Amino acid sequence: IGETVNFTALNFQSSTMIRWDFGDGTIVNDTTPPSISHRFSRVGTFLVRAYDGGGTIVTASVSIRVTAPASITFSPNRPRAGEPVSFTALNFTSNTMIRWYFVDGTTVNDTSPPSVSHRFPRAGTYLVRAYDGGGGVVTASVSVRVYAPASIRFSPRDPRPGEEVSFEAVNFFSNS
């Protein structure tokens with residue numbers, strides 16, 4: 001979706017007009033053939049047709065499958081240090097290998113995509129990259145903010161019966 005797709009009409013007779021029907025409701029009378037670009041705005045399979053000289057008979061056609069961009073989701077959405085975080089690769093083409101790179105220095109070659117789990121040792125913001133098919137080009141990445149573990153502090157350390165104890169919630173997401 002949104003990528004520029006280039007089409008070229010080969011062996012057409014007209015050098016002044018080709019009518020293009022992109023199958024998504026867009027029809028263009030191109031006066032500078034043989035090449036044209038188009039961006040599809042939704043997922044689907046589209047039959048692209050070209051009409052030589054702007055005529056009514058299809059001269060050539062091609063089916064094109066438009067997919068959503070590759071992305072990564074993770075859960076939970078506010079992970080804590082030391083807890084497992086599940087990452088899922090969406091709209092990747094490989095079903096046999098996705099290489100995951102975690103900026104904390106860990107690399108995982110996932111041979112049963114699309115999901116993998118990882119624990120971050122400390123609070124911070126981490127960049128996670130995924131490589132479709134294990135290739136050398138980043139297919140998708142996501143920034144993950146990892147929070148410090150929640151805890152409860154209390155004092156005094158060794159309360160006695162009847163003694164007042166103070167409690168403090170540390171690193172909780174809510175103040176109430």
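Predicted model: local features only at pLDDT ≥ 70, side-chain atom pairs only at ≥ 80, totals over all residues.
Local features were taken at pLDDT of at least 70 and side-chain atom pairs at pLDDT 80 or more, while totals for chains, interfaces and linings use all residues. Residues are numbered from 1 along each chain as its sequence is written, and side-chain values use heavy atoms, with hydrogens and water left out.

Helices (H or I, at least four residues) and strands (E, at least two) are DSSP runs numbered from the N terminus. Two strands are said to pair if DSSP finds at least two bridges between them. An open sheet of four strands has the order β10-β9-β12-β13, with antiparallel pairing. Its edge strands are β10 (106-110) and β13, each of which pairs on one side only. From one strand to the next the twist averages 20 degrees; axes are lines fitted to C-alpha atoms, for helices over the stretch in contact, and angles run from 0 to 180 degrees between N-to-C directions. Within the sheet, five bridges join β9 and β12 in the antiparallel sense, and Ile98 has Asp132 of β12 as its bridge partner.

Strand β1 (residues 4-8) runs antiparallel to β4 and is joined to β4 by five bridges. Phe7 has Ile36 in β4 as its bridge partner. Strand β4 (residues 35-39) has Ile36 and His38 on a covered face, and Ser35, Ser37 and Arg39 on an uncovered one. His38 counts as buried because its relative accessibility is 10% (buried means under 20% relative accessible area, exposed over 50% and partly exposed in between, with a 1.4 Å probe and protein chains only). Neighbours within four places in sequence aside, His38 is in contact with Glu3, Thr4, Val5, Phe7, Phe22, Asp24 and Thr26, where contact means heavy atoms within 4.5 Å. The side chains of His38 and Asp24 are joined by a polar contact of 2.9 Å. A polar contact is a pair of N or O atoms within 3.5 Å; within protein, one must be able to donate a hydrogen and the other to accept it, and residues adjacent in sequence count only if both atoms are side-chain atoms.

A nonpolar core is a set of buried Ala, Val, Leu, Ile, Met, Phe, Trp, Tyr and Cys residues joined through side-chain atoms within 4.5 Å. The largest such core has 18 residues, of which Ile72, Phe87, Trp100, Phe102, Phe120, Val128 and Val144 touch the most other members. Two or more residues each come from β8 (84-90), β9 (98-102), β12 (124-132) and β13 (140-146). The most, four residues, come from β13. A second, separate core of 13 residues includes Ala9, Ile18, Phe40 and Val66.

Rings of Phe, Tyr and Trp (its six-membered ring) pair if their centres lie within 6.5 Å; planes under 30 degrees apart count as stacked, over 60 as edge-to-face and the rest as tilted. The count by this rule is 14 aromatic pairs. Phe102 and Phe120 form an edge-to-face pair, because their ring centres are 6.2 Å apart and their planes lie at 75 degrees. Phe102 is in strand β9 and Phe120 in the loop between β11 (115-119) and β12, so the pair ties together parts 18 residues apart in sequence. Both Phe102 and Phe120 are buried. Phe154 and Phe167 form a tilted pair, 6.3 Å centre to centre with 40 degrees between the planes. Phe154 counts as partly exposed at 33% relative accessibility, and Phe167 as exposed at 61%.
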